[in-house]
Amino acid sequence: MPGDIFYGNYMPEKILNQPVLTEAATQAAQHAATSDFFITGLTVFVLACFVGYYVVWRVTPALHSPLMAVTNAVSSVIIVGALIAAGPALINTSTILGFLAVVLASINIFGGFIVTRRMLQMYKKKEKKA
Amino acid sequence: MTALLSFAYLVSGICFIMALRGLSSPETAKSGNMYGMFGMALAIVTTLFLLPNIIPQISYNLIIAGVVIGGAIGTFIAYRIQMTALPQLVAAFHSLVGLAAVFVAIAAYLSPEAYGIGVAGNIHGGSLVEMGLGLAIGAITFTGSIIAFGKLQGLISGKPVTFPMQHPLNALLGISIVGLIVMLVVQQDVSIVMALTVVSLLLGILLIIPIGGADMPVVISMLNSYSGWAACGIGFTLQNPLLIITGALVGASGAILSYIMCKGMNRSIFNVILGGFGAEAGGASAGGSAVDRPVKSGSAEDAAFILKNASSVIIVPGYGMAVAQAQHALREMCDLLKKEGVSVRYAIHPVAGRMPGHMNVLLAEANVPYDEVFELDEINRDFGMSDVAFVIGANDVTNPAAKTDPKSPIFGMPILDVEKAKTVLFIKRSMASGYAGVENELFYRANTMMLFGDAKKMCELIVKSIGGGH
């Protein structure tokens, strides 16, 4: 399988899904993994909020519109989740939803970054008198 | 290898931070945007590398089709959109992020194995809560942004829509969302997911419908923030740090912008969210306004004469300038004045326009150099030393009642002190009061001259009179 080279973190998941382990053990182990991530995730979340707070306060008010457009484009990073949903070869409700989410997020990514660029290209300094 | 992929996610997170960091000055903003694009491309490529690892039988058809279709639509819209329609565009884009979050959350519920959060029918409780929150916020963002789009585009009345029992109803919906998420944890049933989606969609509509058109800067910033929190919720569900980082950045950005906008109107965020502003006030002052006060009105020639003989002019643009698309004519007028040796600067109120920074973009579009454009606190003291304040499409943000009349609904709002200039020129279509429904006493002052007409036509006429018509 081509994926095998990326075993790493995903190995426990794969092993846990083997029928050898009892369902209870699987659940317990997965539960532990989930709550572990919650603390990590929360750490990341809180720190990112602080970074966001300080970075955004430094944005000049003249560029608040581009800020909205670019944050909009960036929040479409949710496409990462959509790609996973749209991936399976077997098409069902979940892959269709994934596909739709990929379309929507792509509209945003392309639209958001391009419109930001268009805006930023218009901002010019006063020309020095020759 | 997985470590490498996680590292790639970290790099793209940093790129997003750099993209926002770049916006601290127009000079660094463009390279910041490049960082953003690179970060996004890296995130997508990384995920594509990761996919074969998570999905046993993979097909790239839907993914490629989705990116191509979405990319084409996005590119087309972004190149075609007019800068005056920017607020609508941003609102529409927010709605897409919201809907994408809803789809991803439901997809994760239907096939949790792919996301490593359990098996169908037996998803971990914590993941369900995160998923539920992401779904609810996404749905609220979706319908809320659609309503905001409708109001900005003029498809729905910009007036606040209020009805009895509005707030209790919203509170009830909010409580049901919490209740449904709890139910979802207890009993995993697809019907609860559907109910949660429907209730959240409804709440999104009801939250935005009572908010009036000129409060849209706050609404758009708020929805911007929501779309970030929705991404965060999905990030926790998918256990993806990049989504959490990005969601938090966007959430913080939207929240700060909402705060700045609220401060610009001296209103609390709750006051804005609860809505209805301008509805009652408008009725009251329409009845009690003193009509038939003498107003000095002038022609384009008069204005041209005053402007030409001034030594310093401050332009105060507002939403009316955007509506009339007057920015290009205005810039032409200012170029002529500069040729005559007049110093011309622009003063921008934080809440001018329909989104944060709206006026700055429009002026930039009309080739006004950004170092001639100043924020309220930078320029407000200079009005006293200026010969002319030229108000174009703004009204409430210049109303001295905000400082003098404690009974006024806009009392306490920071205003541009245009009345301190020697002469105030006011371009307006009619004597109608502004959005807040308050009469502007400035119209009746001795040093004010009203220029009645369309902002764009008036600027063009002034250009002709100054001598640009030849």
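**The salt bridges**

Modeller: Lys125(A) is partly exposed, because its relative accessibility is 49%. Keep in mind that this is a predicted model. Lys125(A) has a partner in the other chain. Its side chain meets that of Glu27(B) in a salt bridge, 3.4 Å from N to O. The pair crosses between chains. Lys125(A) sits in the segment after α5 of chain A, and Glu27(B) sits in helix α2 of chain B, residues 26-54. Glu27(B) has a relative accessible area of 55%, so this residue counts as exposed. The cut-off for exposed is over 50%. Why would such side chains meet at all? Side chains of opposite charge can pair when their charged atoms come close.

This bridge belongs to a longer list. Over all chains, a search of the whole structure finds 11 salt bridges.

Now move to chain B. Asp382(B) forms a salt bridge with Arg345(B), and their closest N and O atoms are 2.9 Å apart. This pair links distant parts of the chain, 37 residues apart. Asp382(B) lies in the loop between α16 and β6 of chain B. Arg345(B) lies in strand β4, residues 343-348. Arg345(B) counts as partly exposed, because its relative accessibility is 22%. Buried would need a value under 20%.

The loop between α16 and β6 of chain B also holds Asp387(B). The side chain of Asp387(B) meets that of Lys422(B) in a salt bridge, 2.9 Å from N to O. Again the pair links distant parts of the chain, here 35 residues apart. Lys422(B) is in the loop between α17 and β7 of chain B. Here the two partners fall into opposite classes. Asp387(B) has a relative accessible area of 14%, so this residue is buried. Lys422(B) reaches 58%, so this residue is exposed.

Salt bridges can also join into a network. Lys403(B), Asp417(B), Glu419(B) and Lys420(B) are linked in this way.

For contrast, turn to a nonpolar part of the surface. The largest share, eight residues, comes from helix α2 of chain A, residues 23-57. Trp57(A) lies in that helix. Trp57(A) counts as partly exposed, because its relative accessibility is 37%.

Key
Residues are numbered from 1 along each chain as its sequence is written. Chains are lettered from A and ligands numbered from 1 in the order in which they are written. This is a predicted model: local features need pLDDT of at least 70, side-chain atom pairs count only at pLDDT 80 or more; totals for chains, interfaces and linings use all residues. Side-chain values use heavy atoms; hydrogens and water are left out. Helices (H or I, at least four residues) and strands (E, at least two) are DSSP runs, numbered from the N terminus. Buried means under 20% relative accessible area, exposed over 50%, partly exposed in between (1.4 Å probe, protein chains only). A salt bridge is a side-chain nitrogen of Lys or Arg within 4 Å of a carboxyl oxygen of Asp or Glu.
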